[in-house]
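Let's go through this one in question-and-answer form, with the cut-offs spelled out along the way.

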Amino acid sequence: MRICIDMDEVLADNYPKFLDLYKSVFGRRPEKEEYIGGKIYDLPGANDLRKSLQKPGWFADLPVIDGAVEVVEKLYARHEVFIVSSATEFKHSMLDKMNWLEKHFPFISYKRVVFCGEKSIAYGDYLIDDKPKNLRSFKGEGLLFTAPDNVFLETEFRRFDSWVEVDDFFEGA
């Protein structure tokens with residue numbers, strides 16, 4: 001079985017770093033209620049901060065989503081796992097993301113990492129992603145990983161709130 005896995009908001013958590021940046025510019029850290037269910041870049045003044053994602057190093061030190069390493073390693077041992085990230089939108093992110101993967105997921109071969117601009121090119125049985133738009137263009141089964149911006153979305157995809165739930169799902173597969 002081939003399982004494709006997104007990086008941002010599935011393996012790596014961008015929110016703490018972005019919220020810290022927001023605080024450094026505006027003097028306060030937004031409350032979760034201010035951004036949950038919408039794009040964090042929609043916060044007042046935050047769209048300009050999105051340019052920071054274009055800078056070298058932004059993606060280099062993001063925290064790992066709880067449980068991701070253990071579950072992905074388990075899946076990797078039993079299935080054909082590929083990391084598929086829309087990294088080309090942010091040109092410096094590719095090196096940052098590759099280094100991040102080597103640090104936190106050293107068991108993943110560079111041959112199983114796909115950086116692209118459009119995830120519809122990915123082929124597999126499953127895609128775990130936080131963006132419904134990516135799941136809609138995927139030819140296999142899309143699995144929605146809960147992130148702050150998709151919490152309230154009604155979707156046609158099976159939803160997973162944690163890596164424990166992902167592990168349970170694939171336990172029977």
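A polar contact here is a pair of N or O atoms within 3.5 Å; within protein, one must be able to donate a hydrogen and the other to accept it, and residues adjacent in sequence count only if both atoms are side-chain atoms. This is a predicted model, where local features need pLDDT of at least 70, side-chain atom pairs count only at pLDDT 80 or more, and totals for chains, interfaces and linings use all residues. Residues are numbered from 1 along each chain as its sequence is written, and side-chain values use heavy atoms, with hydrogens and water left out.

Q: Which side chain does the side chain of Asp149 make a polar contact with?
A: Asp149 sits in the loop between S5 and strand S6 (158–160); strands (E, at least two residues) and helices (H or I, at least four) are DSSP runs, numbered from the N terminus. Its relative accessible area is 13%, so Asp149 is buried (buried means under 20%, exposed over 50%, partly exposed in between, with a 1.4 Å probe and protein chains only). Leaving aside neighbours within four places in sequence, its contacts (heavy atoms within 4.5 Å) include Tyr15, Gly37 and Asp130. The polar contact, at 3.3 Å, is with the side chain of Lys131.

Q: How far is the backbone nitrogen of Asn14 from a polar atom of the Glu9 side chain?
A: Glu9 belongs to the loop between strand S1 (2–5) and helix H1 (15–26), and its 8% relative accessibility makes it buried. Beyond four places in sequence, Glu9 touches Asn14, Tyr15, Ile65, Asp130, Phe145, Thr146 and Ala147. From the Asn14 backbone nitrogen to that side-chain atom of Glu9, the distance is 3.1 Å.

Q: Which helix does strand S5 connect to through the ring pair of Phe145 and Trp163?
A: These two rings have centres 5.5 Å apart and planes at 35°, so they count as tilted. Both Phe145 and Trp163 are buried. Phe145 is in S5 (residues 141–145), so the pair ties it to a part 18 residues away in sequence, helix H7 (residues 163–171).

Q: How many residues does the largest nonpolar core have?
A: A nonpolar core is a set of buried Ala, Val, Leu, Ile, Met, Phe, Trp, Tyr and Cys residues joined through side-chain atoms within 4.5 Å. Ile5, Leu11, Ile128, Trp163, Val166 and Phe170 have the most contacts inside the largest one. Apart from it lies another core of 10 residues, among them Phe82 and Leu135. For the largest, the number is 44.

Q: Over which ring does the charged end of Lys17 sit?
A: The test is NZ of Lys or CZ of Arg within 6 Å of the ring centre and within 35 degrees of the ring normal. Arg50 lies over the face of Tyr41, 4.7 Å from the ring centre. For Lys17, at 4.9 Å from the centre, the ring is that of Trp58.

Technical notes. Phe/Tyr/Trp six-rings, centres within 6.5 Å; stacked < 30°, edge-to-face > 60°.
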